[in-house]
Number of protein chains: 2
Amino acid sequence: MSDTGVTVKKDVDFSEWYVEVVLKAELADYAPVKGCMIIRPDAYAVWEKIQQVVNEKIKATGHRNTYFPMFIPEAFLKKEAEHFEGFTPEVAWITQGGDTPLEEKLAVRPTSETIMYAMFSKWIRSWRDLPLKINQWCNIVRWETKATKLFLRTREFLWQEGHTAHASAEEAEAEVMWALNMYKDVVESYLAIPVLIGTKSESEKFAGALYTTALESIMPDGKALQMGTSHNLGQHFAKVFDVKYIGEDKADHYVWQTSWGITTRLIGAMIMVHGDDKGLVMPPKVAPTQVVIVPIPFKGLEAEAIAAKTKEIQETLKAKGISVILDDRQEYTPGWKFHQWELKGIPIRIELGPRDLKAAQVVMVRRDTGQKTPVKEADIPATVDQLLQEIQDNMLAKARAILADKTTTVKDYEEFKRVVEGKGGFLKAAWCGSPQCEAKIKDETGATIRVRPFQKETPTSGCVYCGKEAKEVVYFARSY
Amino acid sequence: MSDTGVTVKKDVDFSEWYVEVVLKAELADYAPVKGCMIIRPDAYAVWEKIQQVVNEKIKATGHRNTYFPMFIPEAFLKKEAEHFEGFTPEVAWITQGGDTPLEEKLAVRPTSETIMYAMFSKWIRSWRDLPLKINQWCNIVRWETKATKLFLRTREFLWQEGHTAHASAEEAEAEVMWALNMYKDVVESYLAIPVLIGTKSESEKFAGALYTTALESIMPDGKALQMGTSHNLGQHFAKVFDVKYIGEDKADHYVWQTSWGITTRLIGAMIMVHGDDKGLVMPPKVAPTQVVIVPIPFKGLEAEAIAAKTKEIQETLKAKGISVILDDRQEYTPGWKFHQWELKGIPIRIELGPRDLKAAQVVMVRRDTGQKTPVKEADIPATVDQLLQEIQDNMLAKARAILADKTTTVKDYEEFKRVVEGKGGFLKAAWCGSPQCEAKIKDETGATIRVRPFQKETPTSGCVYCGKEAKEVVYFARSY
């Protein structure tokens, strides 16, 4: 563990604070390869928790995990023109195997639509083979030229990509929404991060999709972060890769497809949204360690009794399925341990000293609020359960308040620019629907349309940029 | 599902039989990229089961999962000379990102020792940081020039690699044996494949290791398959990557290291060892589906009653944690379904027809023996439990018999050559310990030393090749 705590305050230099928390809480480290990172055990455990929850949800609905090669022939990428243009600028290319140059260079997958659908074309014969619903957990490479940022933008990251083929447009649409809402539940209920959902504008959609839906949240520095996407691919790829089925009507039909994904950047969002000046704050439902017990050492017989009692508490909590560490190391002081476990964001700390022992109690300390409460020995398991839930709820409520606070309804472009430069966050504004206005706003302010909400509001003013008749109210923001 | 069963008999053309089973049981498919494969859901589910079991075992012993970049700078690979020589002939190289040539080409990981230990050097400071025990599940690339084979040898595969650093040689040795025995248990208890364990000879050890231990089994065609390895790296890499710690004695020491791994080739071994002329036979403990229920259709009221009853049986078994499919599709006949599920190796089939309904019973059919037994409705859950265990045990017992049958003790080189060319399998033979004899045997017969057993037998004859005094009895075989 690192020897010092976080030295930068979150509201003084957010970016520097973030890097310090990630490195000092040992969530990740810079790799020796530029733009790459190492996901260390405490962060990887959060990813495993996300995997477990998502796997349960996708398997319960008939999706199955699979693994496709990460090498994609250049010719495949080229088949869907929009897709190729969207991805080739950031593709890493394999050109050599051993000492031998390859005949055709191979892309390291930036996403797997093309290689998967080439196989769908072979596997899908009739309506009996539909729907085909698969998923894979894998690494993805995008050779970023922009500055990279731990978890949020690295040249390699981990993700999950769901890919489905359906007999009808309606089924595909339902699948898109199913995936989006599944993600919303995972992100809000487990990571305690509230999100907006909606569709992307044409210019922000996935390269090759009919339309893209997304989850967006706002970070404490006022920048939006895309937390996941679910695409309706229509029949674009089906036509290019010839994915057809013979219907019950004996005729040939192209399938309707979807793809959807979330990535390890969710871990970055969790750190940003919940962390504080002491370091990380882990939502209990994804925390690799939910409780840490620190015995307060004392000489003599009492030390032995304290050691025995803390061990006993650990066993009791473990038996209840709570992940708990007993930090009985002799080489560190209690104060040093407190700081370390606060830095690492463990939701609950239990202290037990000589006076507590006499009083048959412990002191429980909440990481989210710092609140200390004496708890009678007999009440420990029930109190831990209750506190973990309270902390989870409180973290989501706090994050909801931040999201609300960082959302501003703007009436005109002057106000728009003022808010973008000022507090940032989401700008709710009327839009005429023209890509030109969207592009001008992006050029002039750096803000893009993050989502067009599903529940349409009637605009009460003209387009925030051109003033002409607005078609809808959308959310703009500068983003990561 | 494919429309036809396996057309080649296992003992007529083993190699062709294997390919047919893999493709027709939809375990894998050839990828559009040469030498690569797609792991399809039924095989990936076996891998997930292996992951679950291994994760439980490694986490219970204090190992933690992590993720390192798959890109390794050429300079890193070069640091350990033996390691570099061992791996560079089959490294895939990234030389271009987007349109830009890279300054230093990057290897796609053939294994992660070098990049991991560069970080160990940074993370490990004192004895307090030891042992460091991490693991990662990831994809691995080795640009094979030999003919590839589904699951057994492909240019990309999935594996798990454990890496540990210890304060003493003794601890590292214990770790090597712990990993080896953990693998033995997973392979024997779950995949029902018996293995030999021991050390590799110098010429067969991992490039850069002090010594390598391995699990080896024999396939039905008489060729050996390496099922996993556990390496003692000694201080080789520690010295090259400067991985040192300050001991309790305040002095600097190099750490002692181990690495160990198993790969998706285990799935190939499972198919080879257990499959038969009807297709795959899945060991119950790793089968994605343990039971398939096939209602035998009948017109009229009975059809409804059968549908209701099979549904009820499915729910009962599900509630007991058994993975069960009810195949009530109308578009296929029972006979077609029987063949399909036999092809896919489901351990138990339950049939329910009009006569069974009347008799308040079902017919249970074991995939491993084909045995059919009527089972009273009330006895179904208990009988399924018992049968699954019996099948698992029977499969291991059968495989043990094959292993014993395919192991021959040979006295001299004439016999050695005769057995290699004949039944193949393991050849137990005395060896003088000289790499020259080992190399000659390999050149002349294609057989290599697969393991040097831990429990040494006293040789009763001279070296099988040179006739001089033998040091030990080892297992030779031709291998995959």
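Modeller: Helix 5 of chain A (residues 113-123) is largely enclosed by the rest of the structure, because eight of its eleven residues are buried. Buried means that 20 or more other C-beta atoms, placed from the backbone, lie within 10 Å of the residue's own; exposed means 12 or fewer, and partly exposed is in between. Helices are DSSP runs of H or I with at least four residues, numbered from the N terminus. This is a predicted model, in which local features need pLDDT of at least 70 and side-chain atom pairs count only at pLDDT 80 or more, while totals for chains, interfaces and linings use all residues. Residues are numbered from 1 along each chain as its sequence is written, and chains are lettered from A and ligands numbered from 1 in the order in which they are written.

The buried residues of helix 5 are Glu113(A), Thr114(A), Ile115(A), Met116(A), Tyr117(A), Ala118(A), Met119(A) and Phe120(A).

Helix 6 of chain A (residues 169-189) has 21 residues and should span 30 Å at 1.5 Å a residue, which agrees with the 30 Å between its end C-alpha atoms. The expected span is 1.5 Å times one less than the number of residues. Buried residues of helix 6 include Ala172(A), Val176(A), Leu180(A), Tyr183(A) and Val187(A). Seen down the axis of helix 6 of chain A, the buried residues fall within an arc of 155 degrees, so they line one face of the helix. That arc is taken over the directions from the helix axis to the C-beta atoms. On the face turned away from the buried side, helix 6 carries the exposed residues Glu170(A) and Asp185(A).

Terms used. Helix = DSSP H or I, 4+ residues; strand = E, 2+ residues; numbered from the N terminus.
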